[in-house]
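Q: Can you walk me through the helix packing here? Start with whatever term I need first.

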Amino acid sequence: MTPSLLRPQAYLSNKEVLELAQQAPNILRNNPKAFSTSPLVSLFTASETPELWMIYENLLIACLRTGDDQSAFEILERLIQRFGGENERIMALKGLAKEAKAANNAELEAILKEYDSLLSGQAESETNIPVAKRRIALLKSIGRKSEAIASLVKLLDYSPTDAEGWSELSDLYLSQGLYAQAIYALEEVLVLQANSWNMHARLGEILYMAATELADGSSNRYFAESVKRFCRSIELCDDYLRGYYGLKQVTGTLLSDPKLLKPSKQADGEGMALPPKKTLEALNEKATAKLGEIVRRYSTGDVHWQGYDAAEIEATRQLLAKDEAQVVR
C-alpha cells in the first residue's frame, strides 16, 4: 500500500518515496495552479485546505529525493505564490531545493553562506527555526559535525522543547563517539515525550553501545539502564520489534559473560544494579519468543503483522538463527 502524503516522509524507503513522487503529475493536474484573493475567482476553484499544503510539502521532498526537478520546482512555485518567498518555512524549502540541485561541495558552501546571511540579517532572525535547521542539516551533510553540534546546542537554548532537535543532537554526539552527551540529549527527548517507545528503545541501544565500547568502569550502570529502557519500550508497545531485539541483545551479552554479572562498586554507589540472573534469563526468553512470533507471522503474510521493515525482520531472523546454532553446539 502506498504511504500517505499526509504523514512525515523522513523514514520512508526509496521505493515508497518513488511511489509518492509518481503521484505528482496527477496531483498537480487536479489542483489549481494559480491563487487569488478575489472572491470571484474563489467561486470557480477548488476549496483550499491545510491538507493540500501538507501534501504539497511532502510531495516536494519526495520529488527532490527521486530527481523529479520539474515537478519539485512547480510545487515550490505554488507554495511561494501562496505563502510568499519571505515565509520562514518557504525559505527553508527553497534552500532544500537548492541543496538537492547542488553538484559539488563548492555549491553547497555557497548555499551555507546564504543561510548565514539570512540568519544574521537582523537580530530577531535567530527565531527563523526552519532555516536554522536546514543550516545544521547542511553542516552535517558536508562533514562539519562539530559546527553542526554547536549550532544545534545554540538553537536548543532558544527552543528547549524541540524534541526533534534533541534527538538530532543525540545522533550527532553519537557519531563523534560522545556517549554521555548522546545519552543526555536523548533523555531530554523523553522528558518531552515520556511515552515514546521508540525513543526508549533508541536510548537502550546507545546505552548498550556505551556499555560494550567504554572501558571506564561504568559498563554495569549502562547495561542496567539499557535493560530498563528496552523493558519500558516493550511495556509501552507490546509488538515493537526493536525493543525486543535490543532486550535480547543486552540480556544475551550479560548472560554470556559471568564477569559482567558481578556487582560493580561504582554501580552500587549510584544505585544502578543489574537485575538478578534469573530475571535476565526470563527477559531473554520473553524477547526470543516474541521475536520468533513476529518473524513467523510476518513471513506467513498475516495482514496484521506486515508493518515491519523487511531489513529488520531479516536481521531478527539471523539473530534467532545464531542463537539456535549456539544452543545446538
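A: Handedness first. A crossing is left-handed if the near helix is turned anticlockwise from the far one by less than a right angle, and right-handed if clockwise. Also, this is a predicted model.

Q: OK, which way does α11 cross α12?
A: α11 passes α12 in a left-handed crossing.

Q: At what angle do α11 and α12 pack?
A: About 165°, with the axes of α11 and α12 10 Å apart. Angles over 145 degrees count as roughly antiparallel. α11 and α12 are therefore roughly antiparallel to each other.

Q: Which residues make that contact?
A: From α11, they include Y179, I183, L186 and L190. From α12, they include M199, L203, I206 and E213.

Q: How does the contact of α11 with α12 split by class?
A: It has 12 nonpolar, 1 polar and 3 charged residues.

Q: Now α5 and α6. What's their packing angle?
A: Helix α5 (residues 69–83) and helix α6 (residues 88–101) pack at about 160°, axes 10 Å apart. That makes α5 roughly antiparallel to α6.

Q: Is the crossing of α5 and α6 left-handed or right-handed?
A: Left-handed.

Q: And which residues meet there?
A: D69, F73, L76, L79, I80 and F83 in α5 meet I90, L93, K94, A97 and K101 in α6. By class, the contact of α5 with α6 has 8 nonpolar, no polar and 3 charged residues.

Technical notes:
Residues numbered from 1 in each chain as written. Predicted model: local features only at pLDDT ≥ 70, side-chain atom pairs only at ≥ 80, totals over all residues. Heavy atoms only, no water. Axes fitted to C-alpha atoms, helices over the stretch in contact; angles between N-to-C directions. Helix = DSSP H or I, 4+ residues; strand = E, 2+ residues; numbered from the N terminus. Parallel < 35°, antiparallel > 145°, perpendicular 65-115°, else oblique. Contact = heavy atoms within 4.5 Å. Nonpolar A, V, L, I, M, F, W, Y, C, P; charged D, E, K, R; others polar.
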